[in-house]
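Trainee: Could you take me through this model, giving the general idea behind each feature before the case at hand?

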Amino acid sequence: MLLDYFHVLMMILVAGCFVPLILFFGKFLRPSKPYSEKLTTYECGEEPVGNAWIQFNLRFYSLAILFIIFEVEIALIFPVFLIYKDQVSASFSLGSVLLFGELIFFVGILILGLAYAWVKRDLDWIRSVRIQ
Amino acid sequence: MESLSIFLHNLTQQTLPLWIFVLLSIVLILFLITLPFAGFATYLERKVSADIQARIGPNRVGPYGLLQFIADGIKLILKEDIIPTASDKIFFRMAPMIVIIGSFSMFVIIPFAQKIVIADLNIGVLYILAMGSFVALGTIMGGWASNNKWSLLGGMRSAASVISYEIPAALALLNVILVSGSMSFGHIVDQQKFFNWNLFHNPFLFISFFIYFISALAEVNRTPFDIPEADSELVGGYHTEYSGMRFALFFLAEYADIFVICAVATAAFLGGWHVPFLNYENIAEGVQLPLQFIITLTKILVLFYVVMWLRWTLPRYRVDQLLGLCWKFLTPLSFLMVILTSMWMLCFGGRSFYGIIIGFFS
């Protein structure tokens, strides 16, 4: 059990060492002749205008919030889905119907949330302004 | 399922400490599968695109241009490493590392054969989803740190597509968990013997496969969803400022990601190493593993060919269409599939379509 996660840890370490190592060995092979024009930001050959770290309109702001809600709820229903097969394939009982009902209820709330966001036009990239 | 490290450990009568084999299994998978595949994929991509556009493609380096990717690699390592003065130096250096960590660590749970898997985690599906978003973190970081307008837009678009398509992908994989009752890829593959592929378990899983494949394509930013690096609009997208080896690392991670999504689709829906009319119990022990490995790899390569084929067939989506497709079509559809699959499981007691037909005749 813990051994499995040891593999993951080692993989992250190996991958993390791979990048600096390959860049380190490359250092002996590649040229390094920087000058100020070469180090400017690329902007189609022109002098770069201003900074790129500006405030700009993140169109998918509400989608990002929706994403967090959905992702958390999906993570929450994973365990229910895991036991679902064993419950259902044993025999057709009231318990399995109840489990199905609970599952539908939970997923139904999620769908309702999606429908609400859809009606409120949060899923649109360009929000049309209605003239009152 | 036994992992590769324990298999090798037992093979050598446990004379050496286990951690050496853990490291060895990781290095074996990375340097014998991931890196050669990522290199070969660039050659394959150029050759297939040439074929589709009625050109010849690379044919100068080695027979049929087969050594082209080695020449490309040497070229990239000899290129100067440029870090713009205006960029955020720390994040600029960190971004390729995070992308590589994310995409390499997904290889931990990919089952190539019965014993050729680094570690068969019992939360495999959840792990794949988590690490898949980790890669996006690197692309956003690279896009922001470059301090370049193209890169910033590319990184933000990447964020938008990844957070949107994560949901249909997760819901499509939920269907697989529903019919397998397990999150470990080893168990999921074991349950798909002969023709019991999850793809044909019931009609809703068949649709789920396509939902997963489309969403996964969007997650790894492949055409028709490659808006983060749309070269006609954004020059190079999030890696505009990267050059030489750092650029190569981004590309390596991208091809590794495509390999991962094809491998996950193979293991979750296409039966892994199981094919009809082939019973592994009747096959000699020594042949089993290579045969399983070759079958899995063939399925992955077929899916990879489909990915490339799509790239040269379909035009690129517009960014609002991309999000519209996800939230207004794929997400409701995948919710419907989850409900219908659970209904199927309830009505037929967890049996597959194939199992029901067999039940009629016996």
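Predicted model: local features only at pLDDT ≥ 70, side-chain atom pairs only at ≥ 80, totals over all residues.

Trainee: What does the secondary structure of chain B come to?

Mentor: Helices (H or I, at least four residues) and strands (E, at least two) are DSSP runs, numbered from the N terminus. On that reading chain B has 13 helices and zero strands, and chain A has three helices and zero strands.

Trainee: How should I read the radius of gyration of chain A against that of a compact globule?

Mentor: The radius is taken over C-alpha atoms, and the globule rule is 2.2 Å times the number of residues to the power 0.38. For the 132 residues of chain A the rule gives a value near 14 Å, but chain A has 26 Å, and its C-alpha atoms fill a box of roughly 75 × 65 × 15 Å along the principal axes. For the 362 residues of chain B a compact globule would have a radius near 21 Å, and the 21 Å of chain B agrees with this; the box filled by its C-alpha atoms is roughly 70 × 55 × 45 Å, again along the principal axes.

Trainee: What percentage of the residues in chain B is buried?

Mentor: A residue is buried if 20 or more other C-beta atoms lie within 10 Å of its own, exposed if 12 or fewer, and partly exposed in between, with C-beta atoms placed from the backbone. Buried residues make up 54% of chain B and 17% of chain A.

Trainee: How many residues of each chain are in contact with the other chain?

Mentor: Two residues are in contact if their C-beta atoms, placed from the backbone, lie within 7 Å. By that criterion 65 residues of chain B are in contact with 55 residues of chain A. The elements giving two or more residues to the chain B side are H2 (18–52), H4 (89–105), H6 (149–180), H10 (244–268) and H12 (319–347) of chain B, and H6(B) gives the most, with 14 residues. With Ala, Val, Leu, Ile, Met, Phe, Trp, Tyr, Cys and Pro counted as nonpolar, Asp, Glu, Lys and Arg as charged, and the others, Gly among them, as polar, this side divides into 42 nonpolar, 15 polar and eight charged residues.

Trainee: Which residues touch the most other members of the largest nonpolar core?

Mentor: A nonpolar core is a set of buried Ala, Val, Leu, Ile, Met, Phe, Trp, Tyr and Cys residues joined through C-beta atoms within 7 Å. The largest has 136 residues, of which B:Leu173, B:Cys262 and B:Ala265 touch the most other members, and H6(B) gives the most to this core, with 20 residues. Leaving aside neighbours within four places in sequence, B:Leu173 is in contact with B:Val125, B:Tyr212 and B:Ala268.

Trainee: Where does the kink in H4(B) lie?

Mentor: The bend at a residue is the angle between axes fitted to the seven residues ending there and the seven starting there. In H4(B) a kink of about 30° lies at B:Ala95, shortly before the proline B:Pro96. Twelve of the 17 residues of H4(B) are buried, so this helix is largely enclosed by the rest of the structure; its cover includes helix H1 (2–27) of chain A together with H2, H5 (124–145) and H10 of chain B.

Note on methods
Residues numbered from 1 in each chain as written. Chains lettered and ligands numbered in written order.
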